[in-house]
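This briefing covers a sheet, a helix pair and a few backbone details. Please keep the sequence and the model open while reading.

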Amino acid sequence: MLSLVVGVFCGIAAQLLKFLIHWIAGLLTSHFSATTENYLYLVYPVIGILLTVLFVKYVVKENISHGVTKVLYAISRRKSRLKKRNMYASLISSSITIGFGGSVGAEGPIVYTGAAIGSNIGQAFRLSPKVLMILVGCGAAAGIAGIFRAPIAGMLFTLEVLMIDLTGLTVMPLLVSSITGATVAYILEGYSAEFFFSQSEPFVTRQIPWTILLGVFCGLMSYYFTKVMFMMESMFKKMKQQWIRILVGGGLIAVMVFLLPPLYGEGYGTINSLLEGNVEEVVNGTFFYVDRHDVWFLVLFIGAVTMMKAFATSSTNGAGGVGGTFAPSLFVGALTGFLFAFIINNLDMGVTLSQKNFTLMGMAGVMSGVMHAPLMAIFLTAEMTGGYQLFLPLLIVSTLAYFTIQYFTPYSIYTMRLAKAGDLMTHQKDKTVLTMLKIDNVIEKDFKEVHPEMSLKEMVDVISVSNRNLFPVTDSEGNLKGVVLLDDIRNIMFRTDLYPKMHVSRFMAAVPDVIELSMPMDKVMEIFDKTHAWNLPVVKDGKYIGFVSKSKIFNSYRKVLRHFCDD
């Protein structure tokens, strides 16, 4: 019942987000000329980013960029709890960013919004973290289903990207939410597909070799897109001042949109033009309009748009805009597939490829590579275009693109940030349980500290009031210098003649290894396996914090595993 309620609210939220984006964009650009350049492109994206930054800073007061990554983090580290303001913050901020021309997508924000709706409905009923996680997945699935009218893709997004396990406990709520979200969209928007696509040219088996090449090409393009995104993200992180990020990112996106107008907003108009076979419309609104019929100019122009989309998306987010990479990956995929077929057809290679079909196949390929979600990419592309007759080539391209990018990186554009920090949940229950453990909860701090200059007599006095047989040795600043094991000094601890002569510095031992407080639990277990130790010290910047033991970890592991697997 709750998954049904989540689906209704998320479907409405998705429709509201689409309405706001189109309303703002229409208000700003409806008077633009298709045959000449439009200088307001140089202004709108900067204004949109500035308004978004002010809204986030003074109203939301929380960083809400990278919505899908935030949802993944909430599942793995915050027991699937999201704040109430996340139910509207991304919706409003992304509407402003995209409506004013930010080159990002609305799908990341609707996933964040939907997940927050699911989380807060679950919290209102005081549900357990396990059930709360399912409702978060239901919200994300309903958001995707509602914005694309693609219920199967919504469910698969939750399973492949958010990595919720497919079990009897999860599959029905996810289906109910996805179907409900899509139904709300059908009621409010009608039963047409998101993109208009009519297959006028059948796919024939002799095109399979070209389809295989397209799959590999899409995988390489996905890797390029991902690398550029993270390169630009690192560049903007180095800019400490917000106003510098606004000027640099806003300036970059404004210039790119002015020179290459298809980069404005989500770019769905460009995708529709390519699927309908109206390639000349891609050049509308630029001073390149006069060259729109030149074949090789079109190749250069569309190629430039394809290569610059990753820069435009990362500049928008880096400057402070709010949006996702879902739509940009679809956009890049559509242009990649079209360019592939367009170039082959104009090289007189004795083969004619359907540019519309390859545009559709490219969408599935690049999305599969960027998201590391081949099944979702296949069904999403088929559902939002009605291109089910191309299911076989969609399977080929999507699968090959996924395998190609896997050769370069095992992580998607969403999971790479969390993987580096050790906060990523996976479909491997063993690793997932370790991810859910926090080192703070297994540190033991009841060990008596001793110091290198202490005498054996003082050491014996410490032993007499301790219930442990292990003693960390620290200096005056709290830095860990070694350990004293009771077994190592048992033969001298009762020799009173040595009390004034022997000092801790003489009989302390080096530790086999140390654990940094920030280490993920799977890394901690690797160190235990490598050293064969039973207890290891935990430090922060060299300063002693406490000890962690295998027995404590195993007890916590069993407790979380029982909770995690109890369906």
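Where is the place of H532? In this predicted model, H532 sits in the loop between α22 (521-531) and β5 (535-540). The points below start from the sheet that contains β5, then turn to the crossing of α9 and α13, and end with residues whose phi is positive, including K61.

**Sheet**

- The strand order is β1-β6-β5-β4, which gives an open sheet of four strands with mixed pairing.
- Its edges are β1 (443-444) and β4 (515-516); each has a single partner strand, so one side of each lacks a neighbour in the sheet.
- Strands of a sheet pair through backbone hydrogen bonds, in either a parallel or an antiparallel arrangement.
- β5 and β6 (residues 543-549) run antiparallel and are joined by six bridges. V539 has Y544 of β6 as its bridge partner.
- β1 and β6 also run antiparallel, with two bridges between them. Here E444 is the bridge partner of F547 in β6.
- β6 is largely enclosed by the rest of the structure, because five of its seven residues are buried.
- Helix α22 lies across β4, β5 and β6, and runs at about 135° to β5.

**Crossing of α9 and α13**

- Two packed helices are described by the angle between their axes and the distance between the axes.
- For helix α9 (residues 208-237) and helix α13 (residues 326-345), the axes come within 10 Å and cross at roughly 140°. The angle makes α9 oblique to α13.
- The crossing of α9 past α13 is right-handed.
- On the α9 side, the contact is made by W210, L213, L214, F217, C218, M221 and F225. On the α13 side, the residues are P328, S329, V332, T336, G337, F340 and I344.
- By class, this contact of α9 with α13 has 11 nonpolar and three polar residues, and no charged ones.

- Leaving aside neighbours within four places in sequence, the contacts of S329 are F225, V366, M367, V370 and M371. One of these, F225, belongs to α9 and takes part in the contact of that helix with α13.

**Positive phi**

- Most residues other than glycine have a negative phi.
- K61 is not a glycine, yet has a positive phi near 60°. Its place is in the loop between α2 (44-60) and α3 (67-77).
- Because its relative accessibility is 62%, K61 counts as exposed.
- H532 likewise is not a glycine and has a positive phi of about 60°.
- The relative accessibility of H532 is 69%, so H532 counts as exposed.
- D541 has a positive phi near 55° in the hairpin of β5 and β6, which has two residues between the strands.

Key:
Residues are numbered from 1 along each chain as its sequence is written. This is a predicted model: local features need pLDDT of at least 70, side-chain atom pairs count only at pLDDT 80 or more; totals for chains, interfaces and linings use all residues. Side-chain values use heavy atoms; hydrogens and water are left out. Buried means under 20% relative accessible area, exposed over 50%, partly exposed in between (1.4 Å probe, protein chains only). Two strands pair if DSSP finds at least two bridges between them. Contact means heavy atoms within 4.5 Å. Axes are lines fitted to C-alpha atoms, for helices over the stretch in contact, and angles run from 0 to 180 degrees between N-to-C directions. Angles under 35 degrees count as roughly parallel, over 145 as roughly antiparallel, 65 to 115 as roughly perpendicular and the rest as oblique. A crossing is left-handed if the near helix is turned anticlockwise from the far one by less than a right angle, and right-handed if clockwise. Ala, Val, Leu, Ile, Met, Phe, Trp, Tyr, Cys and Pro count as nonpolar, Asp, Glu, Lys and Arg as charged, and the others, Gly among them, as polar.
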